[in-house]
Amino acid sequence: MASFDLVMPKMGESIIEATILNWLKQEGDKVEVDETILEIATDKVDSEVPSPVEGTISKILFQVDDVVPVGETIAIIETEASEAEASPAAKKEEKVEAPQKAAAPQPKDATKEAESAPQPAAQEGEVEVDEKSMRPGQSDRFYSPLVRKIAATEGIGKQELDSVPGTGREGRVTKHDILQYLENRTAAPQKQAKSQSAGTKPAASSAETPTQAPAVSVGADDEIVEMDRMRKMISEHMVRSKRTSPHVTSNVEVDVTNLFNWRNKNKKKFQEKYGTKITFTPIFIEAVTKALSEFPGVNISVDGTNIIQRKHINIGMATALPSGNLIVPVIKDANHLSLVGLAKGVNDLASRARNNELKPDELQGGTFTITNVGTFGNVMGTPIIFQPQVAILATGAIRKKPAVLETEHGDVIAIRQMMYLSLSYDHRVVDGMLGGTFLSQIGKNLEAFDPNREI
């Protein structure tokens with residue numbers, strides 16, 4: 001008999017932890033190779049974890065709703081093979097993970113054992129935080145890698161982190177807890193920490209306590225419904241985006257009569273020829289990718305005082321789910337795809353998004369996002385930037401309107417298919433001239449659509 005450590009898999013380039021949603025197997029159950037053992041959720045997507053070996057589950061180390069760092073052992077599987085034959089993957093993990101213990105302890109004990117290792121005592125008033133080594137000096141409280149990273153980024157010291165209320169298992173601070181704390185945190189505690197670090201006593205002030213959210217009264221007939229997990233994450237992301245980027249929104253009105261008529265004329269033939277529907281979304285994406293190629297200053301991200309110029313154009317498309325929530329799958333290298341390729345990609349991702357079948361990598365790596373508010377009958381919107389991108393485009397409803405046309409015989413008024421484009425952009429790095437010119441170019445690309453284009 002040999003033991004195999006089943007670890008929390010890495011589900012994407014920016015995923016460092018996942019939540020256990022459901023165990024499909026229990027201790028003592030036999031599992032086959034590639035048989036699903038449990039379901040997990042990240043802040044991007046839900047997924048299943050299959051068994052890499054055949055054997056029997058001898059120990060489950062974490063329970064439903066536990067948040068587990070990537071690479072952490074979550075269960076132990078006993079196999080029939082010898083130690084050398086059954087555990088090559090486990091031995092590989094030993095090289096990058098903590099040394100394997102002789103017996104599988106309970107998660108609580110493992111945490112305390114890790115925290116009881118000798119550490120230098122924290123100095124009074126210490127606020128310098130190192131993301132890799134941050135642990136509250138006189139506390140056995142456990143912090144996940146994500147919580148430690150957020151704390152280090154936001155300048156939260158050890159003492160302050162110890163004061164953050166935790167709603168997780170055994171009072172642990174979750175990502176939601178620390179983001180909620182940051183939302184209510186004022187500048188006063190930061191100033192206080194700096195003065196303590198300098199050895200001075202801060203002056204008393206009523207602003208030193210974090211601000212609280214306003215009280216909400218609940219009537220006798222009101223119903224309280226807790227947000228589901230995805231809605232909580234969307235809420236966190238939207239608040240963080242507004243705190244991160246100074247948003248500016250520009251709007252242009254575009255005459256899309258040519259592409260509107262072309263699509264209506266060819267949609268049946270297009271589906272018969274390529275086996276997929278042609279909607280307006282791939283046409284919009286095509287126009288956006290052309291504009292991004294001309295204006296690479298919008299295809300960027302910000303990292304502190306550094307600008308990261310993206311070399312790939314990956315378009316995220318905001319997709320409404322049956323639950324009312326929103327998810328943003330990504331079409332990679334969209335500028336290299338034909339209109340047919342874009343149409344197939346859009347339809348495939350949208351369909352699998354609504355059926356919760358997306359892979360984690362299909363939600364990663366976006367460099368620009370499009371959201372179609374016209375689907376809901378809205379003529380324009382002011383979308384919130386999908387971090388760490390610096391711009392997002394909202395496409396409004398296409399409607400018939402009277403418009404002035406310039407002809408060789410003079411100006412005439414005609415009925416045209418018109419729509420608004422709204423671009424929200426990060427004013428830290430995208431100024432009005434760049435944002436406005438880029439948006440105008442998208443409009444020009446749409447207006448220049450060839451009505452005689454072959455399919």
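The chain folds into 12 helices and 19 strands. The model is predicted. Of its 455 residues, 41% count as buried. Among contacts with a separation of 6 or more, 63% join residues 24 or more positions apart. The exposed surface comes to about 24,700 Å², and carbon and sulfur atoms supply 50% of that area.

**Nonpolar cores**

In soluble globular proteins, nonpolar side chains tend to be buried together. Here, the largest nonpolar core holds 53 residues. Those with the most contacts inside this core include I315, F368, L393 and L421. F438, I442 and L446 also belong to that group. Leaving aside residues up to four places away in sequence, F438 touches A291, L292, F295, V298, F368 and L423. Another core lies apart from the largest one and has 22 residues.

| Core | Residues in core | Some members |
|---|---|---|
| Largest | 53 residues | I315, F368, F438 |

**Helix α6**

Helix α6 spans residues 175–184. Seven of its 10 residues are buried, so the helix is largely enclosed by the rest of the structure. The buried residues are K175, D177, I178, L179, Y181, L182 and N184.

**An open sheet**

Four strands make an open, antiparallel sheet in the order β1-β8-β6-β3. β1 runs antiparallel to β8 (residues 73–79), and six bridges link the two strands. One of the bridge pairs joins A2 to T79 in β8.

Terms used
Residues numbered from 1 in each chain as written. Predicted model: local features only at pLDDT ≥ 70, side-chain atom pairs only at ≥ 80, totals over all residues. Heavy atoms only, no water. Core = buried A, V, L, I, M, F, W, Y, C linked by side-chain atoms within 4.5 Å. Buried < 20%, exposed > 50% of the residue type's maximum accessible area, 1.4 Å probe, protein only. Contact = heavy atoms within 4.5 Å. Areas by Shrake-Rupley, 256 points an atom, 1.4 Å probe, with all protein chains shown as cover. Pairing = 2+ DSSP bridges.
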